Amino acid sequence: MTIRVSETTRNIVCKSLDIDRLSEVIDMSYGGFSTTADVDRAKTGLYSDSNRGSVRLNTGRYYTAKEYEERITRIKNMKLPY
Amino acid sequence: MGIAPGKENENGFSKEEIAQLEGLASLYMQAKSLILYSEEVDPDYRSNLQTIKELRDAFDHLMRIIVERFSDDKFSLGDVSGTEYFQKNIQKSIGHVYRAAFDALDGAVMSLREKIISGLDAFPLEAVKDILPEYWDIRVKLEELNETIGDHRARKDIGGNIGETLDRFVKDVDILKSFHKKLLSAGPALEEYKERKNQEGKKEKRSQVQISVTNAIIGGIICAVVGVIATVAFNSYFQKTNAPDKQAPPQISSPATK
């Protein structure tokens, strides 16, 4: 199975990523994921109807980076009965 | 893919590389089981996007290896290739899978901590002491683990003893998991204890009320008796003091009679 994108697509992507050849993406890293560059829950929700991927993600059952950090702080501060 | 291992095959992997790929596959299977467990134990059955991101990055490094071996276009691969490129990327891939596993275990510890606290909060501490005496050991473990949550994410590179650290972490999570299970099954016994203590408390309160009432009655009677005695004593004293003196007053002769 070979998938080949058209020359136009290649040119658009290469220009936008500032690379000469599509194969140069191999050593590029994906974007970070942190409290400052977080997942937009509202935007994710917009595509949930058309997305055929994970049910958990489509139904919003996940922790974004910020939510995860907040969860760590909340649970770390919970007092155990003593 | 039908590629025989060995350097003689242009695209193939050496025996050492195959062993490393097997190691990665084995680690991935363990990490996957921990991720699934972490999602199941989460109070809201939520996934952690940090974990998904680590898996994405692990996949990316694995694919770099595959592309390097099978792509005709090696122009884009930078300075290193071959074994060196393989080693660099397999280590990174392993590191990301480890971090995914640690994220999953962190999530599991937090979920179990939350569930244990809310489970225990419903019962008096004496009931927990009596029915789940091991809680005090678990408490120490929970506090220890609480300190380390999120620590591994602060480290960029994996250490040499990462496997042992992961094993120890899994063992600790298993201890918490067993305790949580025990806490759930001890629910009826804890409820019974709570009910019994409530009844005992009510009984004690009732008997305290009875004692108070009895004391009040006795006190009342004593007061009444003392009051009666005091009244009688006062009356008799005043009667004595107010009664006309029986001794005849001294006769004073008036000057007229003389």
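1. Start with the strands. In this predicted model, strand 1 of chain A (residues 62–63) pairs with strand 1 of chain B. The pairing runs in the parallel sense, over two bridges. To find one of them on your screen, look for Tyr62(A): the bridge partner of Tyr62(A) in strand 1 of chain B is Ser47(B).

2. Now step back to the whole contact between the chains. Chain B brings 44 residues to it and chain A brings 32 residues. The area buried between them is about 3500 Å², with carbon and sulfur atoms giving 55% of that area. On the side of chain B, Arg46(B), Leu49(B) and Met110(B) lose the most area to chain A, together 18% of what that side buries.

3. How many salt bridges does the rule find across the interface of chain B and chain A? There are seven. A salt bridge to look up is the one where the side chains of Glu114(B) and Arg71(A) meet, at 4.0 Å from N to O. The interface of the two chains also has 22 residue pairs in polar contact.

4. Which parts of chain B supply the side that touches chain A? Helix 1 (15–41), strand 1 (47–48), helix 2 (49–70), helix 3 (82–121) and helix 5 (135–148) each supply at least two residues. The largest share, 11 residues, comes from helix 3 of chain B.

5. Finally, sort that side of chain B by residue class: 17 residues are nonpolar, seven are polar and 20 are charged.

Definitions and conventions. Residues numbered from 1 in each chain as written. Chains lettered and ligands numbered in written order. Predicted model: local features only at pLDDT ≥ 70, side-chain atom pairs only at ≥ 80, totals over all residues. Heavy atoms only, no water. Contact = heavy atoms within 4.5 Å. Buried area = accessible area lost by both parts, 1.4 Å probe. Polar contact = N/O pair within 3.5 Å; in protein donor to acceptor, adjacent residues only side chain to side chain. Helix = DSSP H or I, 4+ residues; strand = E, 2+ residues; numbered from the N terminus. Nonpolar A, V, L, I, M, F, W, Y, C, P; charged D, E, K, R; others polar. Pairing = 2+ DSSP bridges.
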